[in-house]
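I open this notebook to record what I looked up in one protein structure. The entries follow the order of my reading.

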Amino acid sequence: MSADAHLPVLLRPAVDALAIESRNDGTFVDATFGRGGHSRLILERLGPRGRLIGMDRDPEAIAAARGIRDPRFTPVHARFSELQARLTALRAGGVDGVLFDLGVSSPQLDDPQRGFSFRSDGPLDMRMDPTRGQGASEWLERADESEIREVLSGYGEERFAKQIAKAIVAARRRGPVRRTGLSLALPQALAVLDSPGRLAVISFHSLEDRIVKNFMRGAARPTLPERLPVRALELPPPKLRIIGRPVKPSTEEIKANPRARSAVLRVAEKLVSSPP
């Protein structure tokens, strides 16, 4: 496979999950553009007044995105944890669907200088945008469990910060953890979605999938105020409805693209519109 080749994982199931046909003049966000496989299929299904915003923190991905000559498409060079701020700056308003593909693209894996793969010798950088900040491995190498928990809890308002921090510390004993920022991005995606907008997330790592699963399940049931007697009629309504069961690649897709074998797609629909 060449450095420019990339097979999008769960391409049609992920785009199908956004239910574009019912809102084809709406606004959609591909929060992890990669090499644009999902975005191109979204654009095929969008109506003439539809809008797609493609985000990525990788400068090479954004260079590829700028090659799409479609007035409905806007590329944005940013982390997905900046989702809400970037949409506000674009005056995008409420959106009808958000897609996250948490995998590393084939060009990133195949370029030794990006440091994502152990198959080739190269610097252990692993930044999606190598021009900004320190590599995730540097921070995760020095951060203790309490610091990781504090970041997840303080910045991400993550209810499961303790369990996730413990899982990260356990995971790094087996090797570097690939991504940070997911716990910041999911609540923002929920906030920017209009009802009945869809949230679709493809994850490849058990830790990432656990974060997505716990977030969706938590938003799909009422939040009970602690230590307060609450009658059933006073419970706040759920914010999400989980759509279907988790989707995994078919045997045929895994044969064609072995990197797809650990992928899991989870989908949820916004039930209650609330101000961001």
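Is Gly 50 buried or exposed? I found that Gly 50 is buried, with a relative accessible area of 6%. Here buried means under 20% relative accessible area, exposed over 50%, and partly exposed in between, with a 1.4 Å probe and protein chains only.

**Entry: basis of the values.** I note that this is a predicted model, in which local features need pLDDT of at least 70 and side-chain atom pairs count only at pLDDT 80 or more, while totals for chains, interfaces and linings use all residues. Residues are numbered from 1 along each chain as its sequence is written, and side-chain values use heavy atoms, with hydrogens and water left out.

**Entry: the surroundings of Gly 50.** I located Gly 50 in the loop between α2 (37-45) and β2 (51-56). Helices (H or I, at least four residues) and strands (E, at least two) are DSSP runs, numbered from the N terminus. Setting aside neighbours within four places in sequence, I listed Asn 24, Asp 25, Gly 26 and Arg 72 as the contacts of Gly 50; contact means heavy atoms within 4.5 Å. Gly 26 is 24 residues from Gly 50 in sequence, and their C-alpha atoms are 4.9 Å apart.

**Entry: the whole chain.** I recorded eleven helices and seven strands in the protein chain. Of its 276 residues, 49% are buried. Among contacts with a separation of 6 or more, 67% join residues 24 or more positions apart. The chain exposes about 14300 Å², of which carbon and sulfur atoms supply 51%; these areas come from the Shrake-Rupley method with a 1.4 Å probe, and for residues only the protein chains shown count as cover.

**Entry: strand β1.** I checked which way the side chains of β1 point. Thr 27 and Val 29 point one way and Phe 28 and Asp 30 the other, and all are buried. In a regular strand the side chains alternate between the two faces of the sheet. β1 pairs with β2 in the parallel sense over four bridges; two strands pair if DSSP finds at least two bridges between them. Opposite Phe 28 stands Leu 52 in β2.

**Entry: nonpolar cores.** Which residues have the most contacts inside the largest nonpolar core? I found Val 29, Leu 83, Val 98, Phe 100, Leu 186 and Leu 199, in a core of 39 residues. A nonpolar core is a set of buried Ala, Val, Leu, Ile, Met, Phe, Trp, Tyr and Cys residues joined through side-chain atoms within 4.5 Å. Elements that each supply at least two residues of this core include β2, α4 (83-89), β4 (95-101), α8 (161-174) and α9 (182-192). Apart from this core lies another, of 27 residues, among them Val 15, Leu 41, Ile 68 and Ala 260. Beyond four places in sequence, Val 29 is in contact with residues including Leu 52, Met 55, Leu 83 and Val 98.

**Entry: aromatic pairs.** I searched the whole structure and noted two aromatic pairs. Rings of Phe, Tyr and Trp (its six-membered ring) pair if their centres lie within 6.5 Å; planes under 30 degrees apart count as stacked, over 60 as edge-to-face and the rest as tilted. Phe 33 and Phe 73 form a tilted pair, 5.8 Å centre to centre with 40° between the planes. Phe 33 lies in the loop between β1 (27-30) and α2 and Phe 73 in strand β3 (residues 73-77), so the pair ties together parts that are 40 residues apart in sequence. Both Phe 33 and Phe 73 are buried. Phe 80 and Phe 100 form an edge-to-face pair, 5.4 Å centre to centre with 90° between the planes. Phe 80 is buried at 10% relative accessibility, and Phe 100 is buried at 0%.

**Entry: helix α10.** Why do I describe α10 as largely enclosed by the rest of the structure? Ten of its 14 residues are buried, so the rest of the structure largely encloses α10. Among the buried residues are Leu 207, Ile 211, Phe 215 and Ala 219.

**Entry: backbone.** Most residues other than glycine have a negative phi, and most peptide bonds are trans. I noted a cis peptide bond from Ser 195 to Pro 196, with omega near 5°; Pro 196 is in strand β5. Leu 10, not a glycine, has a positive phi of about 50° and is buried at 1% relative accessible area.
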